[in-house]
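Have the sequence and the 3D view handy, and follow along.

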Amino acid sequence: MDKEKITSEPAGKWVIKTEPDGKMYAFLMTDSEEKLLSTESYSSLSGIKSGIDTLKKNIENENYAINLDKNGNFVFKIFTSANRLLCVSECYTTRDICENAFNQVKRLSNTAAIVIEK
């Protein structure tokens, strides 16, 4: 009798928050609540969900670049295929850590659940 192999894949989550001014933002979080990236602001739930889908597509296609910010920290920037900036990551102290963070984003983004916080 074959036994089904059970694996525990990291899931992560897209957390959507609404600010007091009504603007909505989404954050890709790890299961341990580490924020990996955040979106620009949106005015509707359908808009932010569409934005998350666009991010996921461009993350999967590896449309990103790693840059140094003005404080000497590394960030990755995700772009559309037309080279429009979609978002900027959190800051990282080394290029390797930044690259690892992007790889973690790539692993989590497509399978992460969307959670709406009030």
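Which residues of α1 are buried? They are Ile48, Gly51, Ile52, Leu55, Lys56, Asn58 and Ile59. "Buried" means under 20% relative accessible area, "exposed" means over 50%, and "partly exposed" is in between, using a 1.4 Å probe and protein chains only. An α-helix has 3.6 residues a turn, so residues three or four places apart point the same way.

## What you're looking at

This is a predicted model, in which local features need pLDDT of at least 70 and side-chain atom pairs count only at pLDDT 80 or more, while totals for chains, interfaces and linings use all residues. Residues are numbered from 1 along each chain as its sequence is written, and side-chain values use heavy atoms, with hydrogens and water left out.

What about pLDDT itself? That's the predictor's confidence in each residue, from 0 to 100. The chain averages 90, and 92% of its residues score at least 70. Over residues 1-7, though, the pLDDT is below 50, and beyond near neighbours in sequence this stretch has zero contacts in the model. A contact here means heavy atoms within 4.5 Å.

## The overall layout

The chain has two helices and seven strands, and from the N terminus on they run β-β-β-α-β-β-β-α-β. Helices (H or I, at least four residues) and strands (E, at least two) are DSSP runs, numbered from the N terminus.

The C-alpha atoms fill a box of roughly 60 × 35 × 30 Å, taken along the principal axes. Of the chain's 118 residues, 34% are buried. Take the contacts between residues at least 6 apart in sequence: 41% of them join residues at least 24 apart.

Two strands count as paired if DSSP finds at least two bridges between them.

Look at β2 (residues 24-29) and β3: they run antiparallel and are joined by three bridges. Met29 has Lys35 in β3 as its bridge partner.

## A sheet of three strands

The other open sheet to find has the order β4-β5-β6, with antiparallel pairing. Here β4 and β6 are at the edges with a single partner strand each, so one side of each has no neighbour in the sheet. Ignoring direction, neighbouring strands are turned by 30 degrees against each other on average.

Three bridges join β5 to β6, and Lys77 has Val88 in β6 as its bridge partner. Helix α2 packs on this sheet, touching β4 and β5, at about 35 degrees to the direction of β5.

## The nonpolar core

How many residues does the largest nonpolar core have? It has 25, and those with the most contacts inside it are Trp14, Leu37, Leu55, Phe76 and Ile78. A nonpolar core is a set of buried Ala, Val, Leu, Ile, Met, Phe, Trp, Tyr and Cys residues joined through side-chain atoms within 4.5 Å.

At least two core residues come from each of β1, β2, β3, α1, β5 (74-79), β6 (85-88) and α2. The largest share, five residues, is supplied by α2. Leaving aside neighbours within four places in sequence, Leu37 is in contact with residues including Trp14, Leu55, Phe76, Ile78 and Val105.

## Helix α1 and what follows

Not counting residues up to four places away in sequence, Lys56 touches Trp14, Ser109 and Asn110.

After α1 comes Glu62, with a positive phi near 55 degrees. Glu62 is in the loop between α1 (45-60) and β4 (64-68). Its relative accessibility is 41%, so Glu62 counts as partly exposed. Beyond residues up to four places away in sequence, Glu62 touches Phe102 and Lys106.

Definitions and conventions:
Axes are lines fitted to C-alpha atoms, for helices over the stretch in contact, and angles run from 0 to 180 degrees between N-to-C directions.
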